[in-house]
Amino acid sequence: MKLDLAARAIDRPVTVLMIVLACLFGGIWGLNTVGRLEDPTFTVKTALIFTPYPGANAEDVETEVSEVIESALQQMQQLDYITSKSTPGLSQVTVEIKTTYDGSELPQIWDEMRLRLRDLRDQLPTGARQSNVNDDFGDVYGLFYAVETEGSGPAEQREIARTLRRGLLPVEGVAKVEIQGLIPEEITVAISSARLTNLGLPPTQLLGVIDDENDVFADGEVSEGTQRLRVSVPRGYIDTGGIEALRLGVPGDVGQISIFDIARVTRAEATQPEQIIRHNGKRVFTLGISALGSANVVEVGARVEERLARLIDEAPDGVAARPIYEQHKVVDDAVTDFLVSLVQSVAIVIGALMLAMGWRAGVLVGTTLVLTILATFFFMAVLDIQMQRISLGALIIAMGMLVDNAIVITEGMVVGMARGKPARTAAAETERDTSIPLLGATVIGIMAFAGIGLSPDQSGEFLFSLFAVIAISLLLSWVLAVTVLPYMGAKLLRSTAEPVGDPHDGVIYRGYARILKLGLRARWLVLLAAVAVTVGAVLAFGQVKQAFFPRSNTPLFYVEYQLPEGADIRATEADMVRLEDAVRGLDGVTDVTTLVGRGASRFMLIYTPEQQSPSYGQLIVRVDSAEAIPALAEEIRRTLPQRFPRGLLRVELLTFGPPTGADVAARFSGPDPQVLRGLAEEALAIYRASDAVTNIRTDWRQRVITITPVIDEARMRLAGVSREAIANTVQFGTSGLQVATLQEQDTQIPLLLRLAGNEREGVERLRDLDVWSQAAEQYVPMSGIVERFEPRLAEARIQRRDRQRTITAEGFARGDLTANQAFTSVRAEVEAIEMPQGYAMEWGGEYESSSDAQASLGRQLPLSFLVMLVISILLFNRLRQPAIVWLVVPMAVTGMVLGLLTTGLAFTFTALLGLLSLSGMLIKNAIVLVGESDRLRAEGVDDYDAVVTGAVSRLRPVILAAGTTILGMTPLLPDAFFASMSVTIMGGLAVASVLTLIVVPVLYALFFGIRPPDRTT
């Protein structure tokens, strides 16, 4: 098949010039237009459903709420799996959608889920409240600030937050503004139990007076002349003074008293806030701003920064915004660094080409390379592929492959013109002989990356731009190599007046030819050696460390702290303040943000915030250099746990890619909580004994002590007391009975009726309280109807997965080990735990995430390799040649294993992608070698000479392609994400290319029965 693209390009200079200008100006436009991110986005296909059920214990919440919701949602065909966490008074159901559904389909799925929840409302118990669905769980608030409000009270703090929110939402490109950590308030009406009993005031009177006075009533309307006037009745109280002035007593009775006469009304910070946030030792609230998906986050960040500075200047004294994470600056720095690496890679490749091929050929190939990269930026902008770590890294990874086509065409032109052919003829012949094989080899190179491009899971979505950019750039490189390059070569390269000798008669070529001839004579020995080396590498692969995704180079890490379940948030806060001080004192630490009660807003896509838990605390620690993190983490692990013996302290380092949960996680499912806890304890014992797993725990945490009144039913009925009255009295004597709310703009402040502080000490004091008897219209002693208050152990968390109770024994790898090493050390023993009838065990955590990602990739690989195989067969229209090509692919393992073992890097998911891409590169080289031997034999050259001459003539293109790929990837070696992939490709290509230059001709000779000539002839 003849395309004659080169000859047509030389004959149509205007067309070529238009292509060059389109690449140049289109690339500049794309470079300035394409969106910028630090890392690619992936869709969090998760929704959280919160359903309050006040007063219910964890088991009641599980059976009466969580299970009902799970049953209804389990019928959704889009569902991957469903989990739930039932705690006293709250059901939290987590819905995970199948990876086959993309982000555009999620809104419709969430709508269907809400409809199902609405339909089951009547199936929930009477006390259960409306379910709240959080389907924007994956929103990223990449502009994340801590706002100090020194000298301002809670009300002033809320007003400052409103002002900031109102000022930032109109900024162009801003999608949402989230505020967390505002100081909550409560109004307490504290009254002595004896006083309440002596007055004989029923609680309903107190509740009714306070609640009614703050209601909003419908307006009346009256006509006055031409006007229609509203008549509005204002609310009764607006502050504590108004509450104190409320009157109690019989209407018309002069003996009425005010609340001020019998109670003390105070307004203060809530005793049990849901969340407490500190930054560098000061109480703050956080301000998270997310950008629109279509916006350039760098530009949005600059606009937000400018507006925020103006708003802070206008705020009261003492207000300041301290950055916790500024995505726009991180993105700008990261993209700039990658662009520098890209320029370095281009310069390295062009320099190597000039040294190897001469300056004219080097400039020719280098110019084609630059045009290819610029055209790729144009298509990235058109196809909305952001400029980020993965897409820019793809260009660097593809650098050597991008010059392959240009090198082959240039080499053909140089050789042809050296033999006296005109430039047009040399270009036309080279393009005629190589364009189709090069196109096939290019598509094969693309298909080597197709597995990750077609993978529908989060890892595939995260790495999709790698496939997309490589596909675009490689196709462009072929188009430019067969059109623009021949025209520029005709202008730049020089023909010789007289044909010169064999251009492949240099020292290097002759040396290679001698080695190749020796290999052809000792063909079986060569094959045996190649097989032995490859098998040895496969066996040595067992010594290579394994990991899912590599550690991040962001200068942040987390310190998590967990007190036993049921701890008071104030106790957690006290420990976190001490922990914060200890970490801030370490060398290299610049900022510490402390979170108590729950995690932060999702300020990075790879950050998964912990849901509300009073016993939970987290430090977000910023350091001056990411290189200092391992040493700091080790120091914290070594010195701080013994200073905080009550809690579990863990250092978490950031990793690239989707979050995976615990490093080691064994899930046990079954009906009985006691059996499940026993199985989990067996797994934890194995973890402890291994010394490779630390920070072990179960996700059910500890059981908690619940105080339960033992009620004498007969006496309760005789006294005319209801259980509701007892419950109200217990609330009154402990945390407080909410009687109303005070509405202040968008905030509701609870009003609590509570026993005076000095009377709320100790559980036994509850028996001294009096309970209102509605039947007798008087108070009766609690001790007369409650025999005792009995402590009982109860489950505080009941976890379920796919409607089965499931407990997870979790642990994390020791600091000097990878997650896979820790997992491997305990796997066999945990799997040997005997499962009772009706119980099952499966692995979660990083192992599950890694296995799922590899399985998803594996499902796409057969199609990719089938396409590669079909193309290789169609290229040759034979079977033996493709067989030769594919037999060299396993040799890629040799250099990969050698490189990873030498550098000590782990074989990560990205290294796996590097190995797959390496196969495409080797196939491409092998096609070039085999194709040239076929061509020479077809022209009548002796079979043996065709094998040797074909290999020698393709020595420079193969070596240059491998060399430029290896040299071009050197700027990626310092990058934590691409390091293992770079070493895999560089090591694999270096060793495999050398082996290929010998093994492919040997296999060719064997498959076609070609023998070396007799030495005597």
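Select Ile-187 and Arg-267 to begin: Ile-187 stands opposite Arg-267, which belongs to strand S12. What you have open is a predicted model, where local features need pLDDT of at least 70, side-chain atom pairs count only at pLDDT 80 or more, and totals for chains, interfaces and linings use all residues. Residues are numbered from 1 along each chain as its sequence is written, and side-chain values use heavy atoms, with hydrogens and water left out.

**Stop 1**

Now extend the selection to residues 185–191, strand S7, which pairs with S12 in the antiparallel sense over 6 bridges. Two strands pair here if DSSP finds at least two bridges between them. Helices (H or I, at least four residues) and strands (E, at least two) are DSSP runs, numbered from the N terminus.

**Stop 2: strand S29**

Next, pick residues 804–813. This is strand S29, and 9 of its 10 residues are buried, so the rest of the structure largely encloses it. Buried means under 20% relative accessible area (1.4 Å probe, protein chains only).

Bring in the partners of S29 one by one:

- Residues 664–669 form strand S20, which runs antiparallel to S29 and is joined to it by 6 bridges; look for Phe-668, whose bridge partner in S29 is Ile-807.
- Residues 693–698 form strand S21, antiparallel to S29 with 4 bridges; here Val-693 stands opposite Ala-813 of S29.
- Residues 798–801 form strand S28, also antiparallel to S29, with 2 bridges; Arg-800 has Arg-805 as its bridge partner in S29.

Stay with S28 and S29 for a moment: their hairpin has 2 residues between the strands, and Asp-802 there takes a positive phi near 50 degrees.

**Stop 3: zoom out**

Finally, show the whole protein, with its 33 helices and 30 strands. Its C-alpha trace spans about 130 × 80 × 55 Å along the principal axes. Of the 1017 residues, 53% are buried. Among contacts (heavy atoms within 4.5 Å) with a separation of 6 or more, 80% join residues 24 or more positions apart.

Notes. Buried means under 20% relative accessible area, exposed over 50%, partly exposed in between (1.4 Å probe, protein chains only).
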